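This report describes one protein model for a reader who is new to structural work. Please keep the sequence and the 3D view at hand while reading.

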Amino acid sequence: MNNFGIDLWSNNNFFIEDGLLKINHKNKPSLISLVKEIRKQNYKGPLLFRFPHLIEKQITRLYNTYNTAIKENDYHGTFNAVFPLKVNQFPTFVHPLIEAGEKFNYGLEAGSKAELIIAMTYNKKAPITVNGFKDKEMIHLGFIAKKMGHNITLIIEGLNELETIVEVSKETNLPCPNIGLRVRLFNSGSGAWAKSGGIDSKFGLSSTEILEAYEVLEENNLCECLTMIHFHIGSSMNNIKPLKNALKESGHIYAELKNLGATKLSSINIGGGLGVEYSQYKRTINYSLEEFANDVVFTLKNIAKQKNVEEPNIFTESGRFISASSAVLIAPVLELFSAEYEAEHLRLKEVNPPLIEELNELYKDMKKKNALEYMHDSIDHLESLLKLFDLGYIDLEDRSNAEILSNLIIKKAISFLEVNAYEELKRIDNKIQEKYLLNFSIFQSLPDLWGISQEFPIMPITHLDKNPTRSASIWDITCDSDGEIGFNPNKPLFLHDVDLDKEEYFIGFFQVGAYQDVLGMKHNLFSHPTEVNVTFDENEVKLEQIIESQKIIDILDDIDYDTNEIKTILNSQLDDDIYEILEKYLNDNSYLKTTWS
């Protein structure tokens with residue numbers, strides 16, 4: 001049976017049993033059981049399940065792996081980590097994150113004033129780092145956070161920011177926060193986000209600027225505030241070699257500054273970069289977390305020894321690694337577009353064109369041994385019949401019969417064949433694909449798929465004891481041709497042939513916990529799916545912090561329509577009983593409503 005690459009991407013978080021996809025935790029409930037439970041509460045449309053235990057699992061893995069590497073290498077620095085809030089700022093994610101990380105002193109990274117306010121409010125004395133471009137107000141917030149007792153480090157992206165720190169320090173009586181210097185390394189990362197590092201990066205100081213920055217600190221008696229060197233060479237790196245080069249480069253910069261007299265400089269922040277496996281077809285990340293951590297510790301230890309400086313404390317900001325696996329999007333299938341090609345729709349005449357009669361015979365006489373041959377014949381016949389229609393030799397009923405019979409033959413042929421023997425079928429997949437219409441918006445829930453062609457593991461959550469036999473393309477319900485996941489013969493997605501009048505069928509999208517929530521857009525004014533946190537108490541599953549998909553009237557309010565005006569105008573043009581129905585619709589979400597939606 002097809003396991004949809006679950007052994008590649010799931011990290012043993014999910015498993016298949018009795019045809020169902022189940023959560024590998026505590027009492028191991030199936031995903032479909034969670035879907036059914038939430039639908040009993042009358043929540044319709046797509047669902048986003050968050051799993052706080054998976055956040056905790058990743059935090060624990062990160063700290064345990066690094067601390068093991070530190071112990072095995074007799075390394076004298078400590079390991080520290082912060083979560084970059086840009087990856088997911090929603091409270092239903094952040095609150096469980098902070099709770100799960102408290103025992104490790106796991107901190108937060110902010111890249112804007114709003115994110116810094118979140119960190120200042122909810123962070124419990126764990127480290128805070130501040131990246132990105134900063135104005136005077138943001139830097140002042142950093143001073144206020146220090147006054148509150150936070151262990152905060154302002155990472156300088158340019159000399160002007162350092163000058164502003166000096167200015168705020170002179171203007172206030174507030175203690176100066178820790179200062180970090182982001183270095184613009186020559187080395188860049190690998191993978192889709194490699195441009196965030198390297199000599200042409202948007203961020204960081206050149207070698208000359210680093211020396212100038214140190215001189216500014218000396219001149220203003222702020223050298224004791226310099227505690228950190230920071231670099232970032234790319235998100236979700238698929239190759240570890242660039243990391244090793246960046247570690248050597250940053251390690252030497254750290255050591256040179258130490259030898260210049262930066263006595264309080266004690267940390268190297270290596271940014272993010274830990275890879276997340278999104279592929280369900282072949283492995284794309286060529287290293288393990290253990291190898292990553294060991295390389296960091298070993299390389300920095302050697303440089304410190306070579307330069308005769310103390311080994312730096314290690315900071316990381318790996319957000320995708322912590323969050324990606326923690327959320328699963330589940331959307332119901334609304335329609336299969338082959339449903340119009342069922343036998344009951346045939347309108348065969350007493351006398352049909354010869355090619356229609358041949359198609360009918362192929363359909364009736366097909367056996368496993370001739371399935372592939374008959375399928376090829378049916379496709380040839382259909383092409384011929386469509387040409388005859390264009391020339392006016394057959395009518396619309398004949399064309400309809402040709403389409404239905406061809407699709408029935410293809411469907412019957414597929415039922416005779418094993419999905420793993422599909423090489424010939426793949427060759428003609430553009431003619432035999434099934435279109436699955438799902439009740440969700442790609443632009444809202446999978447923006448990276450649309451924007452940068454990011455892969456996500458996709459699989460049904462039921463029927464997993466049966467071979468999937470339909471080469472699938474997925475359509476969302478937006479009126480945009482980009483709202484599609486087309487069938488790719490090189491990375492083929494096969495789904496099941498189901499009768500939606502008799503049974504429900506749900507598709508799951510995995511590894512969606514990083515960035516998808518915060519980047520999702522209201523294209524066609526579809527809002528976020530209904531969100532649910534799934535927690536485990538003993539062996540009991542709890543569905544908590546349910547946030548329903550936004551009401552239409554609230555979406556209109558969000559984009560600055562005067563909703564009172566809308567209601568007044570509509571009400572003035574309708575009878576009270578009809579307006580009452582309309583108001584009910586205004587207070588529902590935009591997703592489609594069907595039996596299984």
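A81 stands opposite T316 in strand β11. The two strands concerned, β4 (residues 79-84) and β11 (residues 313-316), pair in the parallel sense over 3 bridges; two strands count as paired if DSSP finds at least two bridges between them. Strands (E, at least two residues) and helices (H or I, at least four residues) are DSSP runs, numbered from the N terminus.

The model is predicted: local features need pLDDT of at least 70, side-chain atom pairs count only at pLDDT 80 or more, and totals for chains, interfaces and linings use all residues. Residues are numbered from 1 along each chain as its sequence is written, and side-chain values use heavy atoms, with hydrogens and water left out.

Strands of a sheet pair through backbone hydrogen bonds, either parallel or antiparallel. Here, 8 strands form a closed barrel in the order β4-β5-β6-β7-β8-β9-β10-β11, with parallel pairing. On average, neighbouring strands of this sheet are turned by 25 degrees against each other, direction ignored. Helix α7 (residues 159-171) packs on the sheet, where α7 touches β7 (152-156) and β8 (178-182); contact means heavy atoms within 4.5 Å. The direction of α7 makes about 135 degrees with that of β7. Such angles run from 0 to 180 degrees between N-to-C directions, and the axes are lines fitted to C-alpha atoms, for helices over the stretch in contact.

β4 also pairs with β5 in the parallel sense, over 3 bridges. In β5, L108 is the bridge partner of F83. In a regular strand the side chains alternate between the two faces of the sheet. Both faces of β5 (residues 107-110) are covered, with G107 and E109 on one side, L108 and A110 on the other, and all of them buried. Buried means under 20% relative accessible area, exposed over 50%, and partly exposed in between (1.4 Å probe, protein chains only).

**An exposed residue**

Is D390, in contrast, buried or exposed? D390 counts as exposed because its relative accessibility is 63%. This residue lies in helix α13 (residues 371-390).

**The whole protein**

| Property | Value |
|---|---|
| Secondary structure of the protein | 22 helices and 20 strands |
| Box filled by the C-alpha atoms, along the principal axes | roughly 100 × 65 × 55 Å |
| Buried share of the 597 residues | 54% |
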